[in-house]
Amino acid sequence: MRTTVGIIGAGPAGLLLARLLHHAGIDSVVLESRDRAYVEHRQRAGILEQGTVDVLRAAGAGERMDREGLPHDGIELRHDKKRHRVDFPALTDGRSVMVYAQTEVCKDLIALQLKDGGPLLFEAEALAVEGADTDTPRVRFRHEGREDVLECEYVVGCDGFWGVARQAIPAELTKVFERAYPFAWLGILADVPPSHDELVYARHDRGFALLSMRSPSVSRLYLQVPEGTDAGSWEDEEIWDELERRFETDDDWTLERGPITQKSVTPMRSYVHEPMRHGRLFLAGDAAHIVPPTGAKGLNLAVGDVVTFARALTHEKETGSAERLDAYSETCLRRVWQAERFSYDMTSLLHRAPDATPFEDRMQLARLERIAGSRAAETDLAEGYTGFPFE
C-alpha cells in the first residue's frame, strides 16, 4: 500500500487528522489495532475546549455534537463547604467548553471517514515504523492474518503511550520529563441525572472529588483514592457516601444517587517526550505527552497536535516550504508545556497528598480563596481551562 500520510491509531487525533487532510486534498491511510466496536466504546475524555469544538465544526463533524453535546459556560469550585462559580465567557471574551464524550467524537469521525475519506483499517496492528529519517518512511503492520507494508511520505503516530511510533525515535535523541502522583481517581458512571448543571471541582481534607456528566441522564463522578486502589474494593453505597462528604455545602444542595454502571481507576501522571518529530515521523497525543485528567487537557492537546501538522503539511504542499513542518515539535511543545503547567496547577490545587502538612493544606485554601477573590487569578484559570490557542 502507498499513501501520502500514514496515520497510526484511530482515536480522536488520528481520525481528526485524516479528516483535516481529506479537506485539504491530501490522501492518508489510518491503521487501528483494535476493532471498531472497541474504539467507539472506550471511555475517555469528555470535555472539549473551545478550539476543539471549532475545529470539529469546521471539519464537518460538529452536527451531532451541537445537537447532543452540553455547552458549559463555567465550573464550580468547592472547599470548606463554600461554592464559587468561574464564569468562562465573562473572563475569556466569550470562550466556553462542551461536554461531549470522546466515544461520540470517534463515532462521528469514523462515520465520516468510512463515508468519503481514505482507507480506515481496523484490527490492523502497526508493528514498526521504518526509515523515519528517510524520504520514504514505511509502516509494517499485520492485517487479516498477514503482514503488509504501508509506504508513506510522512508517518504520524497517534497510537498512544504504548504504541510503536515513539519507539522509532533513537533513544540518544530524546529527552523524557515525567512525574507520577501518589494518588489516583476512582471513576464511576451512574444512571442518574447530574446533580449540578456544570462541573464541580471539590477540594476536601479527605481528598478531591469531581462531579461531571456524559449526558442529561448519565453522571460521571470521581474520587481521589490511593495509588493502586482496586475499583472493586469500593461498594456502591460507600462511593456515594464518600462523594456526599466531599461535595458537602453549607446550603441546601444535594447529591442525587443512582445505579452505578461502571467503575474504573485512573492513575495520575505527567509525561512529555521531546522531540515530537524525527525525520518524517511526527508524534501526536498520548504518544508524546500525558497530563493528569484534572485539567481536561488530554484529548484537546492531541487535537492541537494534529491541527498543527495538517496546517504545516498543507502549507508545504501549497508553497513548497517545509518551514512549518520543521517547526512542528517546537510549535506543539509550547502549547503542551502550558497545558502540562495548567494540569499540574489544578492537580496540586485540589488534591491532598498522602503526606500533606498543615502548612500545605493552608496554602491550598489560600490559593482557592485567591481565585474566588481576584479577577486576575480567576481569569488565568478560565483561560487555561477553555484552552490555549492553536498556533
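Student: Leaving aside neighbours within four places in sequence, with which residues is arginine 19 in contact?
Tutor: This is a predicted model, in which local features need pLDDT of at least 70, side-chain atom pairs count only at pLDDT 80 or more, and totals for chains, interfaces and linings use all residues. Residues are numbered from 1 along each chain as its sequence is written, and side-chain values use heavy atoms, with hydrogens and water left out. Contact means heavy atoms within 4.5 Å. Arginine 19 lies in helix H1 (residues 12-23), and its contacts beyond those neighbours are Ala59, Leu109, Leu112, Gln113 and Asp116.

Student: Is arginine 19 buried or exposed?
Tutor: Buried means under 20% relative accessible area, exposed over 50%, and partly exposed in between, with a 1.4 Å probe and protein chains only. Because its relative accessibility is 8%, arginine 19 counts as buried.

Student: Which side chain does a polar contact of 2.7 Å join to that of arginine 19?
Tutor: A polar contact is a pair of N or O atoms within 3.5 Å; within protein, one must be able to donate a hydrogen and the other to accept it, and residues adjacent in sequence count only if both atoms are side-chain atoms. At 2.7 Å, the partner of the arginine 19 side chain is that of aspartate 116.

Student: How are H8 and H10 oriented to each other?
Tutor: The axes of helix H8 (residues 298-319) and helix H10 (residues 328-350) come within 10 Å and cross at roughly 160 degrees. Angles under 35 degrees count as roughly parallel, over 145 as roughly antiparallel, 65 to 115 as roughly perpendicular and the rest as oblique. H8 and H10 are therefore roughly antiparallel.

Student: Which residues of H10 make the contact with H8?
Tutor: On the H8 side, the contact is made by Asn300, Leu301, Gly304, Asp305, Thr308 and Phe309. From H10 come Tyr328, Thr331, Cys332, Arg335, Val336 and Ala339.

Student: At roughly what angle do the axes of H10 and H11 cross?
Tutor: Helix H11 covers residues 358-373. Its axis and that of H10 come within 8 Å, and the crossing is at roughly 115 degrees.

Student: Which residues of H12 meet H11?
Tutor: H11 and helix H12 (residues 375-386) have axes 5 Å apart and pack at an angle of about 100 degrees, so they are roughly perpendicular to each other. Arg370, Ile371 and Gly373 represent H11 in this contact. Those they meet in H12 are Arg375, Ala377, Glu378 and Leu381.

Technical notes:
Axes are lines fitted to C-alpha atoms, for helices over the stretch in contact, and angles run from 0 to 180 degrees between N-to-C directions. Helices (H or I, at least four residues) and strands (E, at least two) are DSSP runs, numbered from the N terminus.
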